[in-house]
Amino acid sequence: QNYPNPFNPVTHIQYSMPVRSHVKLEVYDIMGRKVATLINEVREAGSYRVEFDGRDLASGLYIYRLKTDSFTQMKKMMLMK
């Protein structure tokens, strides 16, 4: 999960991978429109922390999707200005 949540305007998303994999981390608004691609590359096994800056976005609910070669996860986060 991201921390802090709710956030204003920056939050951090942490994740760990047991093996090397292609990673895609994208953020969507509540209407399903992609608002950011934070990662789209191959990463080695390990723990990572990614910053998301919502400074240019409206307050509201956003969803991030973390996808690897063998795993997909979606989580909600709230931007409050």
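A salt bridge is a side-chain nitrogen of Lys or Arg within 4 Å of a carboxyl oxygen of Asp or Glu.

The model is predicted, so local features need pLDDT of at least 70 and side-chain atom pairs count only at pLDDT 80 or more, while totals for chains, interfaces and linings use all residues. Residues are numbered from 1 along each chain as its sequence is written, and side-chain values use heavy atoms, with hydrogens and water left out.

**Salt bridges**

Side chains of opposite charge can pair when their charged atoms come close. A search of the whole structure finds seven salt bridges.

Strands here are DSSP runs of E with at least two residues, numbered from the N terminus. A network of salt bridges links K24, E26, K34 and R65.

How exposed are these residues? For the terms used, buried means under 20% relative accessible area, exposed means over 50%, and partly exposed lies in between, with a 1.4 Å probe and protein chains only. E26 counts as buried, at 3% relative accessibility. In the remaining pair of the table, R33 is exposed at 53%, whereas D29 is buried at 13%.

**The three-stranded sheet**

Strands of a sheet pair through backbone hydrogen bonds, either parallel or antiparallel. Here an open sheet of three strands has the order β1-β2-β5, and its pairing is antiparallel. Two strands count as paired if DSSP finds at least two bridges between them. The edge strands are β1, residues 2-3, and β5, residues 46-53; each pairs on one side only. Strand β2 covers residues 10-17 and is joined to β1 by two bridges. Across this pairing, N2 stands opposite I13 in β2.

H12 also lies in strand β2. Its side chain makes a polar contact of 3.1 Å with that of R49 and another of 3.4 Å with that of E51. A polar contact is a pair of N or O atoms within 3.5 Å; within protein, one must be able to donate a hydrogen and the other to accept it, and residues adjacent in sequence count only if both atoms are side-chain atoms. Contact in general means heavy atoms within 4.5 Å. Leaving aside neighbours within four places in sequence, H12 is in contact with Q1, N2, Y3, R49, V50 and E51.

Most residues other than glycine have a negative phi, and most peptide bonds are trans. The peptide bond from Y3 to P4 is cis, with omega near -5°. Another cis peptide bond joins N8 and P9, with omega about -15°. P4 is found in the loop between β1 and β2, and P9 is found in that loop too.

**Aromatic pairs**

How many aromatic pairs does a search of the whole structure find? It finds two. Rings of Phe, Tyr and Trp (its six-membered ring) pair if their centres lie within 6.5 Å; planes under 30 degrees apart count as stacked, over 60 as edge-to-face and the rest as tilted.

F7 and F52 form an edge-to-face pair, 6.0 Å centre to centre with 70° between the planes. F7 lies in the loop between β1 and β2 and F52 in strand β5, so the pair ties together parts that are 45 residues apart in sequence. Both F7 and F52 are buried.

The rings of Y15 and Y48 have centres 5.4 Å apart and planes at 20°, so this pair is stacked. Because Y15 lies in strand β2 and Y48 in strand β5, the pair ties together parts that are 33 residues apart in sequence. Y15 is buried, at 7% relative accessible area, whereas Y48 is partly exposed, at 22%.

**The nonpolar core**

A nonpolar core is a set of buried Ala, Val, Leu, Ile, Met, Phe, Trp, Tyr and Cys residues joined through side-chain atoms within 4.5 Å. The largest has 17 residues, of which Y15, L25, V27, F52 and M77 touch the most other members. The elements giving two or more residues to this core are β2, β3 (21-29), β4 (34-43), β5, β6 (60-67) and β7 (72-79). Not counting residues up to four places away in sequence, L25 touches I13, A36, T37, L38, I39, V50, Y64, R65 and L66.

Methods. Helix = DSSP H or I, 4+ residues; strand = E, 2+ residues; numbered from the N terminus.
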